[in-house]
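Subject: Structure handover

Hi,

Here is the structure I promised. Please open it alongside this note; my findings follow below.

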Amino acid sequence: MPLNFFGMGFGLAGLAGCWVTAADQGHVTHAVGNGLLALAAVVWLATVAFYLRYVLSKPGALRADLLDPVASPFSSLAVITPMLLASEGLAPQAPTAGKVLVDLFLVLTVLLGGWLTGQWIYGPLELDRLHPGYFLPTVAGGLVAAASAADVGQRRLAEVMLGLGLVCWFILGSMIMARLFFRPMLPTPLLPTLAIEVAPPTVGSVAYFAINGERIDFFAATLAGYALLMVLVQIRLLPAFLRLRYAPSFWAFTFSWAAVVETTLRWNEAGQPSGHTVYTYLLLAAITAFIGAIAVRTVFALARRTLLPPSP
């Protein structure tokens, strides 16, 4: 069972975050966001259950996955996703339980990110094996942890996690971009991970807004500038994306673009341009249709028993 299957719950949680943001702004009901959070929780639990069944039935599978230079970064989504679910879904209803779960999975995220970073230093790692998924354990992990900690009222912890995520983004980003610039194109199954390039500045923006309030300042504008560049890069990559056939790796598109939409929703509300309410509904419709289409295609593949790769 591929580790990138954990991207399904992660992507649905990202979509839920867009609806929760719009609900907090007073544009839609919280029911939709809460329903999507519940769906994301079910998908995450199911993925964990099936993955545990897989590793328990195949000795050495977990170790092999964590040492795999291509797949291992996706393992972090198993502990990052519950932070979003706890901070956005549970904490508003049960603050203490939400804070406990955020802290628990925050610690697990940092520990796993530290172990994977150490493994990449300790073990042999070829430059051509790098891909944008390497952002997930420490960059996405740190920035999601920052937003989650801020949401449950732990501002100083959120600032620490923001620093972790940003510094790792600067370091890993330079290495990944060098690999993408100067080495051959990523293999076809990994091409969807190129969408993750838009995630660091947008998830960082969400985390910064959670810590600093819904205010546009110098740092928020700086993050938005790089986010704009990465969105334009994605447009240039559209020909490569449109040639792809559906695969579970398409879920790499979901959280990344959900973060773009959530950041745009916050900028839209802060600036309140003429027609900003219409823009909110258009953004929600677009991201819901996009992620919904990938979800429907996934359900069809599951029904046809073509979702999982064949056993050797």
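Is R155 buried, partly exposed or exposed? R155 counts as partly exposed, because its relative accessibility is 45%. Bear in mind that this is a predicted model.

Salt bridges next. The structure holds five. R155 pairs with E159, with the closest N and O atoms 3.2 Å apart. Both residues sit in helix 7 (residues 155–182), four residues apart, or about one turn of the helix. E159 is partly exposed at 27% relative accessibility. E159 also bridges to R156, where the closest N and O atoms are 2.5 Å apart. R156 is exposed, with a relative accessible area of 63%.

Another salt bridge links E214 and R266, the closest N and O atoms being 2.5 Å apart. E214 lies in the loop between helix 8 and helix 9, and R266 in helix 11 (residues 252–271), so the pair ties together parts that are 52 residues apart in sequence. R266 is buried at 13% relative accessible area. By shared partners, salt bridges join R155, R156 and E159 into one network.

Now the helix packing. Helix 8 (residues 199–212) and helix 9 (residues 218–236) pack at about 160°, with axes 8 Å apart. Angles over 145 degrees count as roughly antiparallel, so helix 8 is roughly antiparallel to helix 9. The crossing is left-handed. G225, in helix 9, is 8.6 Å from P201, C-alpha to C-alpha.

Last, the surface. L101, L104, V107, L108 and L111 make a nonpolar patch of about 410 Å². L111 is in helix 5 (residues 95–122) and is exposed, with a relative accessible area of 57%.

Best wishes

Notes:
Residues numbered from 1 in each chain as written. Predicted model: local features only at pLDDT ≥ 70, side-chain atom pairs only at ≥ 80, totals over all residues. Heavy atoms only, no water. Patch = residues over 30% accessible without salt bridge, like charges linked within 9 Å, V, L, I, M, F, W, Y side chains within 5 Å. Areas by Shrake-Rupley, 256 points an atom, 1.4 Å probe, with all protein chains shown as cover. Salt bridge = Lys/Arg side-chain N within 4 Å of Asp/Glu carboxyl O. Helix = DSSP H or I, 4+ residues; strand = E, 2+ residues; numbered from the N terminus. Buried < 20%, exposed > 50% of the residue type's maximum accessible area, 1.4 Å probe, protein only. Axes fitted to C-alpha atoms, helices over the stretch in contact; angles between N-to-C directions. Parallel < 35°, antiparallel > 145°, perpendicular 65-115°, else oblique. Left-handed = near helix turned anticlockwise from the far one by under 90°.
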